[in-house]
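Let's take a walk through a protein together. Have a look at the picture first, and then we'll go from the whole chain down to single residues.

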Amino acid sequence: MDAAIVTVGDELLVGDTENTNATWLCGRLADRGVTVRRVTVVPDEVAEIARVVNEYYAEYDAVLVTGGLGPTHDDVTMEAVAAAFGRDLVANDQAADWLAERGYSADDLVAETTHLPADCRPLANEAGVAPGAVVESVYVLPGVPAEMEAMFESVVEEFEGTPTHTVVVDVDEPESELLERFTELQETFDVTVGSYPGESVRVKITAAAADEAERAAEWVRERSELVDSEN
């Protein structure tokens, strides 16, 4: 399963807010064996959100959109997702009933709070107020991290791919000296290799089978100078 993540918000683009939602979602999707192919940040603009959602919907198995839900002037994500599918925003009785069960009457809320894309599947916001929605394979989630995480967990079983196994080896050598070994490693084992230099070089080895990842890691250990914690 391939997925794309779209995070919405001007505050992300100017650096006022750290994009922790994307990082969290990438980790949870990886846990499910889902491959994230794109992470995109877009402004609070209907046309931009709709264009990206439309493109990614055509290309990937699932699209997760976070941010821009609610009744304020810059909460335009639902409108944009509806536009991407050529649908109207309409009052959603299921979302209204759910909020009523939590003690919110129509007088307590701005009317647009429960306006969702026509024929969508509403998602309850157990940690907040603004509901989410599923339109085809596009999942629209809140931007508040606690709300987004709770809503994602309510649909987590709908995301499933091929689990992978990862082993990290810390190598105490310059990255440039490891290039030939990386080539030989990938020729010898059915793995992917990531290389992340810092005080040492973190060699991340990923494989579909745990024993294949561990054999490849041991191959690296035997042929490399390791940091002290690995000795």
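How many helices and strands are there in the protein chain? There are eight helices and eleven strands, where both are DSSP runs numbered from the N terminus: helices are H or I with at least four residues, and strands are E with at least two. Keep in mind that this is a predicted model, in which local features need pLDDT of at least 70 and side-chain atom pairs count only at pLDDT 80 or more, while totals for chains, interfaces and linings use all residues. Residues are numbered from 1 along each chain as its sequence is written, and side-chain values use heavy atoms, with hydrogens and water left out.

Now for the overall shape. Along its principal axes, the C-alpha trace spans about 70 × 35 × 35 Å. The radius of gyration of the protein chain is 22 Å, whereas a compact globule of 231 residues would have one near 17 Å. That radius is taken over C-alpha atoms, and the globule rule is 2.2 Å times the number of residues to the power 0.38.

What about the inside? Among contacts with a separation of 6 or more, 67% are between residues 24 or more positions apart; a contact means heavy atoms within 4.5 Å.

You'll find valine 65 in strand S3, residues 62-66. Valine 65 counts as buried because its relative accessible area is 0%. Leaving out residues up to four places away in sequence, valine 65 touches Val6, Val8, Val53, Thr77, Val138, Tyr139, Val140 and Leu141. Aspartate 88 is 23 residues from valine 65 in sequence, and their C-alpha atoms are 18 Å apart in space.

Next, go to asparagine 92, in the loop between strand S4 (89-91) and helix H5 (93-101). Is asparagine 92 buried or exposed? Asparagine 92 has 12% relative accessibility, so it counts as buried. Not counting residues up to four places away in sequence, its contacts are Thr114, Leu116, Cys120 and Pro122.

Cys120 leads us to the cysteines. Cysteine 120 is itself buried, at 13% relative accessible area, whereas cysteine 26 is partly exposed, at 25%. The structure holds zero disulfides, a disulfide being a pair of cysteine sulfur atoms within 2.5 Å.

Definitions and conventions: Buried means under 20% relative accessible area, exposed over 50%, partly exposed in between (1.4 Å probe, protein chains only).
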